[in-house]
Amino acid sequence: MSHTELDPRLAPPFPQAALPVLRNPQLRKNVAHATDVIQGKRAMLVAEKSDWQELRSAAAAIRAHALENLGTYLTQFEERCTAAGGTVHWAADAAEARRIILDILRAEGASEVIKIKTMTSAEIQLNPALEANGIHAYETDLAELILQLGKDEPSHIVAPALHVNRSQVREIFARSMGRSDLTDDPQALTAAARSYLRQKFLSVPTAISGANFLIAETGSVAVVESEGNGRMCLTLPRTMITLAGIEKVLPRFTDLEVMLQVLARSATGERMNPYTSLWTGVTPGDGPQRFHIVLLDNGRSDILAKKVERQTLRCIRCAACQNTCPVYRQTGGHAYGSVYGGPIGAILTPQLMRMEHAQSLPFASSLCGACYEVCPVKINIPEVLIELRTQVVDREREQPVRVFDAMYVGMRAASGIFAAARRFRSAQRLGRIALLPFTGKDGWIRSLPGLGARWTATRDLRGMPGQSFREWWAERKDNQQQ
Amino acid sequence: MRASLFITCYNDTLYPETGRAVVKLLERLGVTLDFHPEQTCCGQMHANTGFRAEAYSQAKRFVRLYRDTEIVIIPSSSCVAMIRDQYPVLFEELGNEDLRRDLQALLPRIFELSEFLIDKLGVEDVGAYFPHRVTYHASCHGLRGLHVGDRPFRLLGKVRGLELAPLENLDRCCGFGGTFSIKNAEVSSAMLASKLRDVLTTRAEYCTALDNSCLMHLGGALHRQFAGMRTIHLAQILASTETEPAEEFL
């Protein structure tokens, strides 16, 4: 497994990044198998809910309402959380969030922290920043632990090590824990992780988490998980630091009734996730006695301001879109060059990068619409993909080098051709002549130059027939009139 | 019944036999067809590739050309989805209220071929004969855009001699995606390989669909691999009879 930080600023374009994965049978098998299993479980649990579409609508409405009134609900959250003994920090970008967290850890005198799985911390590249400042972060989520010990990166939002199978896990654990006796029996592997992690839970007094939801009404934070590592981190340490995107807020406590139902079913194919932890500030004598929450913007306000793109922020990170996506199924998550892979990553990452990086991602989709169909908060991902593609093209229109881009030139030329039927007819005739040298005796094209070669590398192309439909129609009409 | 055929740019250019089959089929069913010679493209390729201004010009053209037409029939679900799902957004965004109104009035009169047969003509048995084992590929736009549901199966089910072979993972994209197949040719090919495994498992002689775009993709690979299976648009199967078998490009 290659170790590359998932940084959209440095990542190669998607088509290039996908190549090594497409040629990796183990990885493709792992991803296809894992996504099939989760999709199958999800489909069963969605089918048993007769009101699934109503639940989706309710979840979408709750999220949309929260975003439309985000300022109000965040202020309310800050007030209630502060009143309950929490400290609320605001971070405009990744650098500020890292600095705030480092300052808290320095004040705590921490040289180690334990972490509950948080994608947002990967978004802000937190672990390398901590490491550079002499603070070691221990991932306690089993999948994150596998990745950390294997010097690998997350490839899926819910199951970050989805691309790794158990014999690979055995190898990683055996090497890094000095346990050459380990078998690839899942129970043995889990037991090894448990004893490794137990020491950390008992000895490290500072923890970092993400958040699934923030409740404005009560100032509470909700974290859902499957392994109980989160519960450990939320009860044993002295200090808890939570990093959350500002979009995570829900207006009322009762909104969880809808959100937890759609999240568990969509994410892991479970009726209810095994552990749901909720805490409000600090409770004397119970759990962490110091609680900090860092509310991260990092481009989210900009997304919020845009009409079509805003829906991106409804996302509750269930990864149902990744599991169903036929592109993700082939490439896995790393090709997306960001911790957010799959369809949601293809729209979220370029926007978080303010459309300065990751511009190949909006094009990394066949627009098949499977993501929209499963999204529990009804994000119309194809619609946002097209919107972002339009922005990429609009920017290209202003660049002089566009005249060397065959796709750009071709699309502009096609537009001129489609503007008048007379031009279209001429183009059809010209095309027939131009393709003739490439067309075999059987009427098929096996090889084309230029952009066409990207088609004929793996597919033949039917040659152009001698008569277009409109020519046939005109001829037929003439014959009928005679 | 009178109806106008919007053949689509790629059917016109590359798959005229599909257009001829639509004409043969619908005339057999008593529909008087008309073909507007000024038609070109619905703008889908431009819209989906990010060329919105160009797509807008084509959308305008389409609505102006067809706003007074009684019924428009389109043998391509993705072009119908473009018109139904993207045109309203385009017109709203560009603030063209007149076109938006014309479109709203026109939309209920636009039909994909299988929709027209089942919903408008109310026929399932179109009198077709096609003595072959056939599998049906559900194009993404037909499945999730138009929600055509079981319409194609109801039509195929009534074709005499036809043996329908069910396709596994029916809801999974073949990887075409328009310019996606060029821009992301390798990923597109990987998706195609995965779809072909399911398609070939059916041991059908023909793979059919509502869209020649998917079929161009699948058919291009089947031809490359000498796989012994051909693609054929649904219209060509439905047009086929004992006396006049399906017209094919060999």
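Predicted model: local features only at pLDDT ≥ 70, side-chain atom pairs only at ≥ 80, totals over all residues.

Analyst: Arg354(A) sits in the loop that links helix 16 and helix 17 of chain A. Its phi is near 50°, a positive value in a residue that isn't glycine. For background, most residues other than glycine have a negative phi. Ala319(A) has a positive phi too, near 70°, and isn't glycine either. That residue is in the loop between helix 13 (300–304) and helix 14 of chain A. Ala319(A) counts as buried, because it has 31 C-beta neighbours inside 10 Å.

The buried set in helix 18 is Ile381(A), Pro382(A), Val384(A), Leu385(A), Ile386(A), Glu387(A), Leu388(A), Arg389(A), Thr390(A) and Val393(A). As for the geometry of helix 18 of chain A, 16 residues at 1.5 Å each should span 22 Å, and the end C-alpha atoms are 23 Å apart, so the two agree.

Now for the helix 16 contact. Helix 16 (residues 342–352) and helix 18 (residues 381–396) of chain A have axes that come within 10 Å and cross at roughly 40°. The two helices are therefore oblique to each other. Helix 16 of chain A passes helix 18 of chain A in a left-handed crossing. On the helix 16 side, the residues are Pro343(A), Ile344(A), Ala346(A), Ile347(A) and Pro350(A), and they meet Ile381(A), Val384(A), Leu385(A) and Leu388(A) of helix 18. By class, the residues of this contact split into nine nonpolar, no polar and no charged. The spacing rule to have in mind is that an α-helix has 3.6 residues a turn, so residues three or four places apart point the same way.

What about the other chain? Overall, 53 residues of chain B are in contact with 50 residues of chain A. Helices 3 and 4 of chain B are among the elements that each supply at least two residues to the side of chain B touching chain A; others include helix 2 (16–28), helix 11 (185–201) and helix 12 (212–224). That side of chain B has 21 nonpolar, 21 polar and eleven charged residues.

Further along chain A you reach helix 19 (residues 406–418), where Tyr408(A) has its place. Tyr408(A) touches Glu396(A) and Arg402(A), leaving aside residues up to four places away in sequence. Its C-alpha atom is 8.7 Å from that of Arg397(A), eleven residues apart along the chain. Tyr408(A) is partly exposed, because 18 other C-beta atoms lie within 10 Å.

Zooming back out, chain A has 22 helices and twelve strands, and its C-alpha atoms fill a box of roughly 100 × 55 × 50 Å along the principal axes. Buried residues account for 47% of its 482 residues. Of the contacts in chain A between residues at least 6 apart in sequence, 72% join residues at least 24 apart.

Conventions:
Residues numbered from 1 in each chain as written. Chains lettered and ligands numbered in written order. Axes fitted to C-alpha atoms, helices over the stretch in contact; angles between N-to-C directions. Helix = DSSP H or I, 4+ residues; strand = E, 2+ residues; numbered from the N terminus. Parallel < 35°, antiparallel > 145°, perpendicular 65-115°, else oblique. Left-handed = near helix turned anticlockwise from the far one by under 90°. Contact = placed C-beta atoms within 7 Å. Nonpolar A, V, L, I, M, F, W, Y, C, P; charged D, E, K, R; others polar. Expected span 1.5 Å × (residues − 1). Buried ≥ 20, exposed ≤ 12 C-beta atoms within 10 Å, placed from the backbone.
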